Amino acid sequence: ANLRKIDGSYYAYFYDPNRSPKRKSHPLRVQLKSTAEDQLKRLEKAYAEGRFNPWREDPWTEKIDQVLIQDAIDQFLDYKKKTVQPTTIDTYRQQLEAWAKQVPMTYHVLDVQPRDARNYVYDSDIANATRRKRYRHLDVFLGWCDDEEYLDENPIDRVQKPREEERETPVLDPGDIEKLLDKIDEHRATTTDATGRRPDVQWLKDAIVIAMYTGLRRGELVSLKWADVDLDSKRISVRNRGDFRTKTGDERSVPLRGKALDQLREIKSRRGEVQQTKPVLADQKGDPIRPDRATKRFKEFVRMANLDERICLHSLRHSCVSLLSRRGVSTRIIQKIVGHSSITTTERYSHIRVDEAADAME
C-alpha cells in the first residue's frame, strides 16, 4: 500500500494484480503525513491479519472510541494522579475545563478540530505567557488522548506553538537574602497583634535560607521531614512519599553545606528533640507550612524590602543555580543537585551578569 494526498487529506491505496479493480483506495481522514503513515501501518497490519479488506463494498475501518471531552478529562486526571502532585492536577483541571467550556458540550474527543485548540490558545485577551501555558497543558492532554486512540489525528499538531520569550529571570544575591532576613527581624521587633503577640515568621527565615542554599523546590521544602535530613553526613534526601511526589518523579540527594547546614542545626537546637516524622518547617504551633502560605508571606517581605517585584519564592531556586554557576560549578553537577529533568532548564537559569562578562572579556 502507499499514500496519496487529495484535497489536503491522505488516502491509503492498496494494490493487488489479482483483484478487480487492481487498486483500491481507503480514506484515512487525516491531513498530517506522519499521522497518515502511522494509520497506513496499522491498516497494512490489519490487512495482513485478515481483519481489513479494502475491496469490500463497506470497508472495515478502525474503531475509534467515542469519548466525551469531559469524560476524557476525568480519565486523564486520574491517570496523572499517579505521577504528579495535587497542585499540578489542580492546574491541569483548571486549564482543561476552561477549554472544554469553549467547545460544544456534545463534543467527543474525536470531534475536536485544530481551530478548537487554536481559538483557546490564541485568545486575543491574554498574554503570551498564558498562551504558552494553555498550549502546554492542552498538548499533554491531547497527546494522551492520541495514545488512548480517542483521536484519528491529534489537532494540536496543526496549531503553532506560541513563541518562547527571551526574558531574564530575577535572582537574589546573598546580600539580598540578608536584606530580606533583616526586614523580617525588623517586622517582628516592631509589630504586634491585638493581644500583643509578635508575628510568627521564624519559619519563613528558615525557609528562605534553606531554599537559597539547597535549591529545593517549594513543594520539596514544605514537605521536608527530619527523616530526610542527615546532619552527620550533611545531606538532604528528596523522596517520594504517599503525600508527596517530586516534580519529575525522581528522588535525589542534596549536599548540605554552609548556611543551609547551619540553619538546619539551629532549627534542631531551637526545638530540642525532634521526631523523624515531623516537618522541618513548622510554625509556632508546630503545624506544617502550606505551600500557598509560604508563597504569600515571602512575597509580602519582598515588597517590604523593596526588591524586584518579579521575585517570588521559586526565585530562590533560580538564585541557587545562578550562584553555583557563577562560582564555576559545571552545569551537569548543578543539574544533579537541583534535580532538573533537562540540562536545558539548568542552562536557562545559569545567569552570567554583565560585570562578570566584562571581567571575562578583560
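## Strand pairing and charged surface patches

Asp230 has Arg235, a residue of β5, as its bridge partner. The structure is a predicted model in which local features need pLDDT of at least 70 and side-chain atom pairs count only at pLDDT 80 or more, whereas totals for chains, interfaces and linings use all residues. Residues are numbered from 1 along each chain as its sequence is written, and side-chain values use heavy atoms, with hydrogens and water left out.

The pairing of β4 with strand β5 (residues 235-238) is antiparallel and runs over two bridges; two strands are taken to pair if DSSP finds at least two bridges between them, and the strands themselves (E, at least two residues), like the helices (H or I, at least four residues), are DSSP runs numbered from the N terminus. These strands belong to an open, antiparallel sheet of three strands in the order β4-β5-β6. Because β4 (229-230) and β6 (252-255) each have a single partner strand, they stand at the edges, and one side of each is left without a neighbour in the sheet.

Further pairings lie towards the start of the numbering, as the table sets out.

| Strand pair | Sense | Bridges | Residues facing each other |
|---|---|---|---|
| β1 (residues 2-6) and β2 (residues 9-15) | antiparallel | five | Leu3 and Ala12 |
| β2 and β3 (residues 23-27) | antiparallel | five | Phe14 and Lys24 |

Between β1 and β2, which form a hairpin, there are two residues, and Asp7 in the turn has a positive phi of about 55 degrees.

Arg235 also takes part in a patch of positive charge on the surface, together with Lys234, Arg257, Arg265 and Lys336. Patches are made of residues with over 30% relative accessible area and no salt bridge, like charges being joined within 9 Å; a salt bridge is a side-chain nitrogen of Lys or Arg within 4 Å of a carboxyl oxygen of Asp or Glu. Lys336 is part of helix α12 (residues 331-338) and counts as exposed because its relative accessibility is 66%, where exposed means over 50%, buried under 20% and partly exposed in between (1.4 Å probe, protein chains only).

A negative surface patch is formed by Glu37, Asp38, Asp139, Asp146, Asp147, Glu148 and Asp157. Helices α1 (33-48) and α5 (128-147) each supply at least two of its residues, and α5 gives the largest share, three residues. Asp38, which lies in helix α1, is partly exposed, with a relative accessible area of 45%.

Gln70, in helix α2 (residues 69-80), is likewise partly exposed, at 34% relative accessibility. The C-alpha atoms of Gln70 and Ser20 are separated by 46 Å, with the two residues 50 apart along the chain.

Note on methods:
Patch = residues over 30% accessible without salt bridge, like charges linked within 9 Å, V, L, I, M, F, W, Y side chains within 5 Å. Areas by Shrake-Rupley, 256 points an atom, 1.4 Å probe, with all protein chains shown as cover. Lys, Arg positive; Asp, Glu negative; His and termini not counted. Charge placed at Lys NZ, Arg CZ, Asp CG, Glu CD.
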